[in-house]
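User: Hi! I would like to go through this model with you, one question at a time. Could you take a look and help me read it?

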Amino acid sequence: MEKILVTGGAGFIGSNFIRYMLQEHPYHIINLDALTYCGNLENLRGVEDEPRYTFVRGSITDRKLVDGIIKDVDAVINFAAESHVDRSIEDPEIFIRTNILGTQTLLEASRKHGVERFIQISTDEVYGSAEKGYFTEETPLAPNSPYSASKASADLMVRAYHRTYGLPVNITRCSNNYGPYQFPEKLIPLMITNALENKPLPVYGDGMNVRDWIHVLDHCRAVDLVLHRGRVGEVYNIGGNSERRNIEIVELIVRELGKDESLIRFVEDRPGHDRRYAIDASKIRNELGWKPLYSFEEGIRETIRWYIDNRDWWENIKSGEYLRYYERMYGGR
Ligand code: NAD
Ligand code: TDX
């Protein structure tokens, strides 16, 4: 393998992955990103000077562009997506276009040009809500939001391209990531940055919903392993083994920042809000020897520190177009 296409590399996980891969491997990486509201080249500061890195601005739904890029690459790793559940509830259509049609466009070019490996970055949300027990790779898909339904649809298309055309694919389904460069619409960076600005901390419903948190670099290491050693056609769950209630996380952030708990506001719940996500990652542990290296307590402290030290990064975001979304979203809650 020499050349790898990473899509969505200007987003949170994609940018962390590109840094990680350039450090760990000699590959040339092409980053195809449309730079939507959350795609930010600031996430890749310093990387632009690397001769083994090329940025292309464009959409994964652009057949001609995608075809032209994929004819020269050995592997495709598809991070590009509309990724925020609340936005999918507001307006699902772009989720269908990007997450389903975009993935199919990449699959079609990959089949035509015979790529060595196609990795689809999926999510534990495709399994729905885990009232008890843990999601394994055999758990039936039962997505509950337009976002997760679009990701599940893409997964099925990836599976079909493997079964029908023999495309060498893997699907990874990871739990909730946190870490540097996460867009401040997601729970952890939203709470850290709001607390730093002494703004209210909006907790949906009773705050008892559970997510399994993983540091973004543990996710990146897992994807790297799947790319090199994953069995063709297999799905791999990736999880941090760190289940936490939302309210516990918000309280921890408030404590760490020395703020007052009166900033916490219980607001109207998210429609269709999944109660709990919980991943059984024993397949990737046993087959590929992966395990998370970060403890949640260590990772979250490091992440809080990153947001304190990189105030310019998130202040630019929060003062721009995102402000209008925020006011729409939380104004009436
Ligand atoms: P993000 O929203 O931070 O980044 C998404 C990136 O995709 C952005 O840079 C955006 O510009 C780009 N993009 C959007 N539409 C595009 C298009 N049509 N063509 C090209 N680029 C486009 O998302 P993230 O949190 O980094 O998530 C990355 C991937 O990982 C997604 O596929 C998501 O479903 C998956 N995932 C995320 C998490 C999580 O906790 N964040 C967990 C599991 C899986
Ligand atoms: O303001 C908030 N208040 C709140 O209580 C926000 C933004 C979220 N929440 C709750 C909803 C969830 O229970 O916090 C939890 C986490 O919410 P998000 O950060 O929006 O993540 P989630 O909906 O769990 O989805 C995330 O994990 C799986 C990513 O956004 C997806 O891209 C990924 O696939």
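Analyst: Happy to! Let me start with ligand 1, where an oxygen atom of the ligand is 2.9 Å from a polar backbone atom of Gly 11. Please keep in mind that this is a predicted model.

User: Which residue has an N or O atom in its side chain 2.7 Å from an oxygen atom of ligand 1?

Analyst: Ligand 1 has 28 residues around it, and Ile 13, Asp 33, Ser 83, Tyr 147 and Lys 151 come nearest. The side chain at 2.7 Å from an oxygen atom of ligand 1 belongs to Lys 151.

User: Now the domains, please. How far apart do the C-alpha centres of domain 1 and domain 2 lie?

Analyst: Domain 1 covers 3-177 + 213-238, and domain 2 covers 182-211 + 242-271 + 295-323. The contact between them takes 17 residues from domain 1 and 22 residues from domain 2. Their C-alpha centres are separated by 25 Å.

User: Which residues of domain 1 lose the most area to domain 2?

Analyst: The size of an interface is often given as the accessible area lost when the parts come together. Here about 1600 Å² is buried between domain 1 and domain 2, and carbon and sulfur atoms give 53% of that. Three residues together account for 40% of what the domain 1 side buries, and they are Tyr 37, His 84 and Trp 213.

User: Which element gives the largest share of the side of domain 1 that touches domain 2?

Analyst: Across this interface, eight residue pairs are in polar contact. Helix H3 (85-90), strand S7 (176-178) and strand S9 (210-215) each give two or more residues to the domain 1 side. The largest share, four residues, comes from H3.

User: Which residue meets the side chain of Asp 86 in a salt bridge?

Analyst: The count between domain 1 and domain 2 is two salt bridges. In the one with Asp 86, the N to O distance is 2.7 Å. The partner side chain is that of Arg 270.

User: One last point, on the backbone. Near what value is the phi of Asn 198?

Analyst: Most residues other than glycine have a negative phi. Leu 35, in the loop between strand S2 (28-33) and strand S3 (53-57), has a positive phi near 50 degrees. Asn 198 sits in the loop between helix H6 (187-196) and strand S8 (201-204). Its phi is also positive, near 55 degrees.

How values were computed:
Residues are numbered from 1 along each chain as its sequence is written. Chains are lettered from A and ligands numbered from 1 in the order in which they are written. This is a predicted model: local features need pLDDT of at least 70, side-chain atom pairs count only at pLDDT 80 or more; totals for chains, interfaces and linings use all residues. Side-chain values use heavy atoms; hydrogens and water are left out. Domain bounds come from an automatic or database domain assignment. Contact means heavy atoms within 4.5 Å. Buried area is the accessible area (1.4 Å probe) that two parts lose on being put together, summed over both. A salt bridge is a side-chain nitrogen of Lys or Arg within 4 Å of a carboxyl oxygen of Asp or Glu. A polar contact is a pair of N or O atoms within 3.5 Å; within protein, one must be able to donate a hydrogen and the other to accept it, and residues adjacent in sequence count only if both atoms are side-chain atoms. A residue is near a molecule or strand if one of its heavy atoms lies within 4 Å of it.
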